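Here's a quick briefing to read alongside the model. Have the structure open as you go through the points.

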Amino acid sequence: MNTKLIDWPTFIGALILLLLVTIPLILFPDAGKEVVNIANEFMTGHFGVLYLLTGLAAFAFLLFVAFSKNGQVKLGDEEDKKEFGTFSWAAMLFAAGIGSSILYWGMIEWAYYYQGPPFGIEAGSKQAIEWASSYGIFHWGPIAWAIYTLPALPIAYFYYVRKKPVLKISEATRPVLGRLVDGPIGVIVDVLFMFGLMGGAGTTLALGTPMIAQGVNDITGIPVTLGMKAVIMLVCTAIFAVSAYSGIRRGIKILSDINLWLAIFILLFIFLLGPTLFISETTFTSVGLIMDNFFKMATWLEPFANLSGFEETRFPESWTIFYWAWWVVYAPFVGLFVARISRGRTIREMILGTMIYGTIGCILFFGIMGNFGLYLQLSGGFDVIGFMNENGTPAAIIAILHQLPLANIIVALFTVLAIIFLATTFDSSSYILAAVVQKEVQSEPLRWNRLFWAFTLCLLPLVLMFVGDLETLQTASIVAGFPVIFIMGLLAWSFMKASNSDIRESRDYEPPTIHINRRDILDRIRRRKDSKRKRSALEAMEDKDIDE
Ligand code: NM2
C-alpha cells in the first residue's frame with residue numbers, strides 16, 4: 001500500500017472532523033438529534049439571507065463573467081478542439097451533478113407544495129397547484145446550476161489556461177490566499193470542502209435508501225426493515241466502490257452511459273403513455289410562472305411572519321435555503337468534474353452550457369414525473385396526497401408508478417435507475433475525495449484510497465441509521481454547507497483576480513518592434529560579400545603557393 005503520496009494532514013483532518021460529528025450522534029442519538037435540529041434552525045433562521053444571497057450572487061456573477069472579456073478566454077490552446085461533443089459533455093455533467101434525489105423529489109416535491117404552498121397561499125387552491133408544479137423546477141433551475149458552475153471557473157482556468165492541474169480546492173484559491181495555501185489554512189479549506197461533500201452525500205443517501213428499499217419491496221415482497229435498508233446501502237456501496245475502484249474510464253463511464261439511456265427510456269415512457277398534453281402544457285406554464293416571479297422566488301424569506309401575527313410557513317427554511325445549501329456542498333466537487341471535461345470550450349460556453357443544459361435536464365424530470373403525479377391527483381385517478389400522508393413518501397413514489405401500464409417492469413427499472421444514479425454520484429465523489437487527500441495524482445488516485453472513501457461515505461450513515469433515523473441525516477447539507485459558502489466566495493474572487501491580471505498583462509504586452517534600417521542591412525551584405533571575396537582570394541593564393 002503506497003502511503004507516500006498521501007497528504008496526511010488533510011486525510012486525517014477530514015476523518016477527525018467526520019468522527020467528531022458522528023460519534024456523539026451514535027453515542028447519544030436523541031440528544032444528537034436535538035442538537036442537529038437546533039443547529040439547523042439556527043443556521044436557516046439566522047443566515048437565510050446569506051444562503052439566498054449566495055445563490056443570487058452566483059447567478060449574477062456567472063452571467064457577468066459569461067458576457068465579459070473573461071468569458072471569451074478559451075480553455076486550452078488556440079488549436080485545441082472540444083474534447084467532448086456537446087451531447088456527451090452535457091450528459092456527463094448531468095450524471096455527475098445529479099443523483100437519485102431527482103427521482104425522489106422530481107416525483108413528489110409538488111405534493112409538499114400542494115399542501116404547504118408558499119406566499120401564504122391557501123393549501124390545495126388553484127394558485128397552490130400552480131406553484132406546486134413550478135417550485136421544484138425553480139429549486140433545480142438556473143440559480144442552482146450557477147452554484148454548481150462557479151467553482152469550475154477557477155479550476156478550469158488554472159487547468160487549461162495557466163496549465164497548472166488543480167486537484168485540490170485550496171489550490172484554486174491561491175491567487176487570493178497566496179502562500180497561506182501551503183500551510184494550515186490550505187488544509188482547512190480542503191477539509192471543509194470534504195466535510196461539506198460528505199454532508200451532501202449523507203442527505204442523498206438518507207433520501208435514496210428508503211426509496212430504493214420501497215422499490216425492492218414492491219418487486220420482491222421483502223418487507224422494508226432496518227436490516228433490509230442496511231443491505232441495500234451495502235449493495236449500493238459495493239456497486240459504487242467497484243466502479244470507483246475501476247476508475248473513470250471504465251466503471252464510472254459505463255455506469256453513466258447506462259444511467260443516461262435508462263433515464264431517457266423511463267421519461268419517454270411516462271410522457272408518451274401518461275397524460276402527454278397535460279404534462280406539456282403544465283410544464284410550459286410553470287416555466288412562464290417562474291420567469292415572471294424569478295426574483296420574488298429567489299429572495300423570499302417571509303420576514304413579517306412572526307411580527308404581524310401571520311402564520312409562519314417556514315417554507316423558505318425548509319425548501320429554498322435547504323436546497324441552496326445542498327447545491328453548495330456538491331458544487332466544488334462538480335466544479336472539479338466540469339473543469340476536467342471542458343477542454344476546448346470558452347469560459348462562456350462552459351457557463352452557459354452548464355446552466356442551460358442542466359436546467360433543461362431538470363425541467364424534463366420534474367415536468368414529466370411530477371406533473372404525472374399531479375395529474376393523477378387532480379383528475380381523481382389516484383389520491384397521491386392521501387396515500388402519501390398515510391404510507392410515507394417513498395411508498396407514494398412507487399404507488400404513482402403503479403398507475404402506469406406495465407407497472408411492475410417500470411417499478412423494477414425505476415429502482416435499478418435509482419441505484420445507478422446513486423452509484424454514479426457516489427463513485428465520482430469518492431474518487432474526488434481520494435484525489436484531494438493526495439499530494440500528487442499519477443493518472444488516477446490510489447486504489448486503496450478510493451475504496452477507503454467509498455466505504456467511509458456509506459459506513460457512517462449506515463451506523464447513524466441504526467441508532468437514530470435517517471431524517472436527521474436528510475438535513476446534513478445545511479450545517480455542512482455553511483463554511484463552503486465562504487469557500488465559494490474565495491473561488492469567485494480567485495478566478496477574477498487571476499483572469500483579470502492575465503488580461504491586463506496581455507493588454508500591456510507590446511511585441512518588441514524590430515527597427516529595420518536599410519543602411520545597416522546593406523552594410524551587412526557588403527561586409528559579407530567582402531569577406532567572401534577575401535576568403536576566395538586567399539584560397540586562390542594558397543593554391544598558387546602549393547602549385548609552385
Ligand atoms: N442536488 C442536485 O442526491 C443527488 O441527487 C445529488 C443533489 C445538489 C440537489 C445532488
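**A look at T299, and then the rest**

Let's start with T299, which counts as partly exposed because its relative accessibility is 44%, between the 20% and 50% cut-offs. Keep in mind that this is a predicted model.

**T299 and its surroundings**

- T299 sits in helix α14, which covers residues 294-299.
- Setting aside neighbours within four places in sequence, T299 touches L52 and L56.
- Y157 is 142 residues from T299 along the chain, and the C-alpha atoms of the two are 31 Å apart.

**The chain as a whole**

- Along the principal axes, the C-alpha atoms fill a box of roughly 125 × 55 × 50 Å.
- The chain has 548 residues, and 53% of them count as buried.
- Take the contacts between residues at least 6 apart in sequence: 82% of them join residues at least 24 apart.

**α11 against α21**

- Helix α11 (residues 226-246) and helix α21 (residues 447-467) have axes that come within 9 Å and cross at roughly 165°.
- That angle is over 145 degrees, so α11 runs roughly antiparallel to α21.
- The crossing of α11 past α21 is right-handed.
- On the α11 side, the contact is made by L226, K229, A230, M233, L234, T237, F240, A241, A244, Y245 and S246.
- On the α21 side, the residues are R447, R450, L451, A454, F455, C458, P461, L462, M465 and F466.
- Sorted by class, the contact of α11 with α21 has 16 nonpolar, 2 polar and 3 charged residues.

**α3 against α17**

- The axes of helix α3 (residues 86-97) and helix α17 (residues 347-379) come within 10 Å, crossing at roughly 65°.
- Angles of 65 to 115 degrees count as roughly perpendicular, so that is how α3 lies relative to α17.
- α3 passes α17 in a right-handed crossing too.
- From α3, the residues in contact are T86, W89, A90, L93 and F94.
- They meet E349, M350, G353, T354, Y357, G358, G361, C362 and F365 of α17.
- By class, the contact of α3 with α17 splits into 8 nonpolar, 5 polar and 1 charged residues.

**A mostly covered helix**

- Helix α6 (residues 142-149) is mostly covered, with 7 of its 8 residues buried.
- The buried residues of α6 are I143, A144, W145, A146, I147, Y148 and T149.

- Most residues other than glycine have a negative phi, and that is the background for the next two cases.
- K163 isn't a glycine, yet its phi is positive, at about 55°.
- You'll find K163 in the loop between α7 (152-161) and α8 (169-172).
- K163 is partly exposed because its relative accessible area is 47%.
- E302 isn't a glycine either, and its phi is also positive, at about 35°.
- The loop holding E302 runs between α14 and α15 (305-308).
- E302 counts as buried because its relative accessible area is 12%, which is under the 20% cut-off.

Notes:
Residues are numbered from 1 along each chain as its sequence is written. This is a predicted model: local features need pLDDT of at least 70, side-chain atom pairs count only at pLDDT 80 or more; totals for chains, interfaces and linings use all residues. Side-chain values use heavy atoms; hydrogens and water are left out. Axes are lines fitted to C-alpha atoms, for helices over the stretch in contact, and angles run from 0 to 180 degrees between N-to-C directions. Helices (H or I, at least four residues) and strands (E, at least two) are DSSP runs, numbered from the N terminus. Angles under 35 degrees count as roughly parallel, over 145 as roughly antiparallel, 65 to 115 as roughly perpendicular and the rest as oblique. A crossing is left-handed if the near helix is turned anticlockwise from the far one by less than a right angle, and right-handed if clockwise. Contact means heavy atoms within 4.5 Å. Ala, Val, Leu, Ile, Met, Phe, Trp, Tyr, Cys and Pro count as nonpolar, Asp, Glu, Lys and Arg as charged, and the others, Gly among them, as polar. Buried means under 20% relative accessible area, exposed over 50%, partly exposed in between (1.4 Å probe, protein chains only).
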